[in-house]
Amino acid sequence: SAAIYGGGWGSEADRNRQSIAGMDYELWQEIMRTNVLGTFRLTAALLANLQAGERRIIVMMSSDLGSIANNEQGMSYAYRSSKAALNMLTKGLSVELAPRGFTVISLAPGWVSTDLGGPDAMWPVDESVRRQREVLAGLGVEKTGQFINLLGENVPW
């Protein structure tokens with residue numbers, strides 16, 4: 001499911017829309033509706049189809065910015081809080097759906113060269129996707145409820 005940051009990452013005006021000095025509360029609501037409620041609704045709508053599958057895996061596309069423990073920069077409050085909330089959905093769904101054979105994780109794709117990540121990002125899109133696919137191919141039930149990065153490492157909540 002899609003996610004939004006809510007404006008450009010690079011411009012000071014856009015960054016200010018997610019700051020304590022200039023929070024755009026309507027933008028924050030839009031980000032939460034898209035990144036959290038939209039993802040939950042999509043999961044609920046597809047649950048019967050997912051239940052019919054052989055590998056019952058639900059992957060929430062999170063972000064390193066959703067880690068409370070790793071937040072050393074502040075700012076981006078709307079986006080960060082949406083990804084932290086998404087991580088809570090991951091944990092809750094992992095508990096609820098485990099008896100039905102599901103593995104549910106949050107996956108941080110890394111700082112990727114996309115419109116959001118920008119040209120200075122660490123990972124080219126194809127490399128991030130390749131690594132994410134490797135993580136998913138090796139994913140087992142022991143990882144359910146965890147927050148994992150594209151290297152297969154746990155990300156602190």
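Where is Ser76 placed? Ser76 sits in the loop between β1 and α3.

Before going on, a word on what you're looking at. This is a predicted model, where local features need pLDDT of at least 70 and side-chain atom pairs count only at pLDDT 80 or more, while totals for chains, interfaces and linings use all residues. Residues are numbered from 1 along each chain as its sequence is written, and side-chain values use heavy atoms, with hydrogens and water left out.

Ser76 is buried, because its relative accessible area is 6%. The cut-offs for that word are simple: buried means under 20% relative accessible area, exposed means over 50%, and partly exposed is in between, using a 1.4 Å probe and protein chains only.

Met75 is found in the loop between β1 (57-61) and α3 (77-97). Met75 also has a positive phi, about 55°, although it is not a glycine. With 32% relative accessibility, Met75 counts as partly exposed.

Met75 turns up again on the surface. Together with Ile20 and Tyr77, Met75 forms a nonpolar patch there, with about 330 Å² of accessible area for the three together. Patches are made of residues with over 30% relative accessible area and no salt bridge; like charges are joined within 9 Å, and nonpolar side chains (Val, Leu, Ile, Met, Phe, Trp, Tyr) within 5 Å. Accessible areas come from the Shrake-Rupley method with a 1.4 Å probe, and for residues only the protein chains shown count as cover.

**The nonpolar cores**

Now for the inside. The largest nonpolar core has 10 residues in all: Val36, Leu47, Ile58, Met60, Leu86, Leu89, Leu93, Leu97, Phe102 and Val104. A nonpolar core is a set of buried Ala, Val, Leu, Ile, Met, Phe, Trp, Tyr and Cys residues joined through side-chain atoms within 4.5 Å. Three elements, α2 (25-51), β1 and α3, each supply at least two residues of this core. The largest share, four residues, comes from α3.

Take Leu89, one of the core residues. Leaving aside neighbours within four places in sequence, Leu89 is in contact with Val36 and Phe40, where contact means heavy atoms within 4.5 Å. Apart from this core lies another one, of five residues, among them Ile105, Val135, Leu139 and Ile148.

**Ser128 and Leu150**

Ser128 is found in helix α4 (residues 125-137), and at 2% relative accessibility Ser128 counts as buried. Not counting residues up to four places away in sequence, Ser128 touches Pro109, Val112, Trp123 and Leu150.

Leu150 is found in the segment after β3 (147-149). Leu150 is buried too, with a relative accessible area of 5%. Leaving aside neighbours within four places in sequence, Leu150 is in contact with Leu107, Ala108, Pro109, Gly110, Trp123, Ser128, Arg131, Gln132 and Val135. As for Ala121, which is 29 residues from Leu150 along the chain, the C-alpha atoms of the two are separated by 14 Å.

**Salt bridges**

How many salt bridges does the structure hold? There are four. A salt bridge is a side-chain nitrogen of Lys or Arg within 4 Å of a carboxyl oxygen of Asp or Glu. The table shows some of them.

| Pair | N to O distance |
|---|---|
| Asp24 and Arg17 | 2.9 Å |
| Glu127 and Arg130 | 2.7 Å |
| Arg130 and Glu134 | 2.4 Å |

In the Asp24 and Arg17 pair, Asp24 counts as partly exposed at 23% relative accessibility, and Arg17 counts as partly exposed at 28%.

The other two pairs belong to helix α4. Why are Glu127 and Arg130 about one helical turn apart? Because they are three residues apart in helix α4. Arg130 and Glu134 are four residues apart in helix α4, so they too are separated by about one helical turn. Salt bridges that share partners join Glu127, Arg130, Arg131 and Glu134 into one network.

How covered are these side chains? Glu127 is partly exposed at 22% relative accessibility, Arg130 is partly exposed at 37%, and Glu134 is partly exposed at 48%.
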